[in-house]
Amino acid sequence: MSDKTSQLQAFERLLIIMDELREQCPWDKKQTMQTLRHLTIEEVYELGDAILDNDLDEVKKELGDVLLHIVFYSKIGSESNSFDIADVCNSICDKLIERHPHIYSDVIVENEDDVKRNWEQLKLKEGKKSVLEGVPKSLPAMVKANRIQDKVAGVGFDWEEPNQVFEKVEEELGELQTEIHSGNQDKIESEFGDVLFSMINYARFLKVDPESALERTNKKFIKRFQYLEQKSKDLNTPLSDMTLAEMDVYWEEAKKI
């Protein structure tokens, strides 16, 4: 691995290239924070995919793409004298020092939970009116639910034992079944949301990231279904002409691969 000097030189190289692209490339010259936004989101999702696949070479590449966007935004900010990359770096450094008084001051913590509680309390002292202010409105619903639960737990609003959370899951499932029998679609949707919210909460107690868990299942399903599709082609039989029993044979084969 490279030393700090080499790392700083590599970062300086990126900054110089960004300056050159912004000055000379027709595409780069036209970009704004608004036009980059959706591209940044895509890059972060691609990084997430690489992490789930445990493809470290791809993780390295995707981290580079995300870093490029950070440098790009900073360059645009510097053009209006709003901020530059130094301001960005110093801002996060200051925040990290302020939010870690157990490292940079005399606060004593015993475990990770203490750190998280201190983090949320410090944010409130900084002027936040609610611990939930830091949850982005545009987050996907599942990720948002997980962040909401994590944040309120940081100030002590939480269950004490995993079995209590599972009992809540069972309770919500019962309420969903009741509304299914009633046939009220609006209430069915509401109760279904409660089931999902409680399951996400249970995942937190199991130390499982629900978004990653669901995406792993998505990937697993895709691989198995594509195996089934390939078998259908090998047999020259459209999937629509196969019985469920026939499809299940190849599905079980796919599970063993």
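**Reading helix packing**

Guide: Helix 8 and helix 10 pass each other in a right-handed crossing. Please keep in mind throughout that this is a predicted model.

Visitor: At what angle do the axes of helix 8 and helix 10 cross?

Guide: The axes of helix 8, residues 141-153, and helix 10, residues 185-205, cross at roughly 60 degrees and come within 9 Å. Helix 8 and helix 10 are therefore oblique to each other. On the side of helix 8 the contact is made by Met-142, Ala-145, Asn-146, Ile-148, Gln-149, Asp-150 and Ala-153, and on the side of helix 10 by Phe-197, Ile-200, Asn-201 and Arg-204. Sorted by class, this contact of helix 8 with helix 10 has six nonpolar, three polar and two charged residues.

Visitor: Is Gln-149 buried or exposed?

Guide: A residue counts as buried when its relative accessible area is under 20%. Gln-149, which lies in helix 8, has a relative accessible area of 4% and is therefore buried. Leaving aside neighbours within four places in sequence, Gln-149 is in contact with Phe-197, Ile-200, Asn-201 and Arg-204. Gln-149 and Asn-201 are 52 residues apart along the chain, yet their C-alpha atoms are separated by 6.7 Å.

Visitor: Which residues does Ser-198 touch?

Guide: Ser-198 lies in helix 10 and, if residues up to four places away in sequence are not counted, touches Val-165, Lys-168, Val-169 and Glu-172. Ser-198 has 6% relative accessibility, so it counts as buried.

Visitor: How are helix 3 and helix 4 oriented to each other?

Guide: For this step one needs the cut-off that angles over 145 degrees count as roughly antiparallel. The axes of helix 3, residues 33-52, and helix 4 cross at roughly 160 degrees and come within 9 Å, and the two helices are therefore roughly antiparallel to each other. The crossing of helix 3 and helix 4 is left-handed. Among the residues that meet there are Leu-36, Leu-39, Val-44 and Leu-47 in helix 3 and Val-59, Leu-63, His-69 and Phe-72 in helix 4. The residues of this contact of helix 3 with helix 4 divide into 13 nonpolar, three polar and six charged.

Visitor: Where does helix 1 come into contact with helix 4, and through which residues?

Guide: The axes of helix 1, residues 4-24, and helix 4 come within 10 Å and cross at roughly 55 degrees, which makes helix 1 oblique to helix 4. The crossing of helix 1 and helix 4 is right-handed. The contact is made by Phe-11, Leu-14, Leu-15, Met-18, Asp-19 and Arg-22 of helix 1, together with Leu-67, Leu-68, Val-71, Phe-72, Lys-75, Ile-76 and Glu-79 of helix 4. By class, the contact of helix 1 with helix 4 holds nine nonpolar, no polar and four charged residues.

Visitor: Which residues form the largest nonpolar core?

Guide: The idea is to look for buried nonpolar residues that are joined through side-chain atoms within 4.5 Å. The largest nonpolar core has six residues, namely Met-18, Leu-36, Val-71, Phe-72, Tyr-73 and Ile-76. Its largest share, four residues, comes from helix 4, residues 56-79. Leu-36, one of the six, touches Trp-27, Gln-31, His-69, Phe-72, Tyr-73 and Ile-76, when residues up to four places away in sequence are not counted. Apart from this core lies another, of five residues, including Leu-228, Met-242, Met-247 and Trp-251.

Key:
Residues are numbered from 1 along each chain as its sequence is written. This is a predicted model: local features need pLDDT of at least 70, side-chain atom pairs count only at pLDDT 80 or more; totals for chains, interfaces and linings use all residues. Side-chain values use heavy atoms; hydrogens and water are left out. Axes are lines fitted to C-alpha atoms, for helices over the stretch in contact, and angles run from 0 to 180 degrees between N-to-C directions. Angles under 35 degrees count as roughly parallel, over 145 as roughly antiparallel, 65 to 115 as roughly perpendicular and the rest as oblique. A crossing is left-handed if the near helix is turned anticlockwise from the far one by less than a right angle, and right-handed if clockwise. Contact means heavy atoms within 4.5 Å. Ala, Val, Leu, Ile, Met, Phe, Trp, Tyr, Cys and Pro count as nonpolar, Asp, Glu, Lys and Arg as charged, and the others, Gly among them, as polar. Buried means under 20% relative accessible area, exposed over 50%, partly exposed in between (1.4 Å probe, protein chains only).
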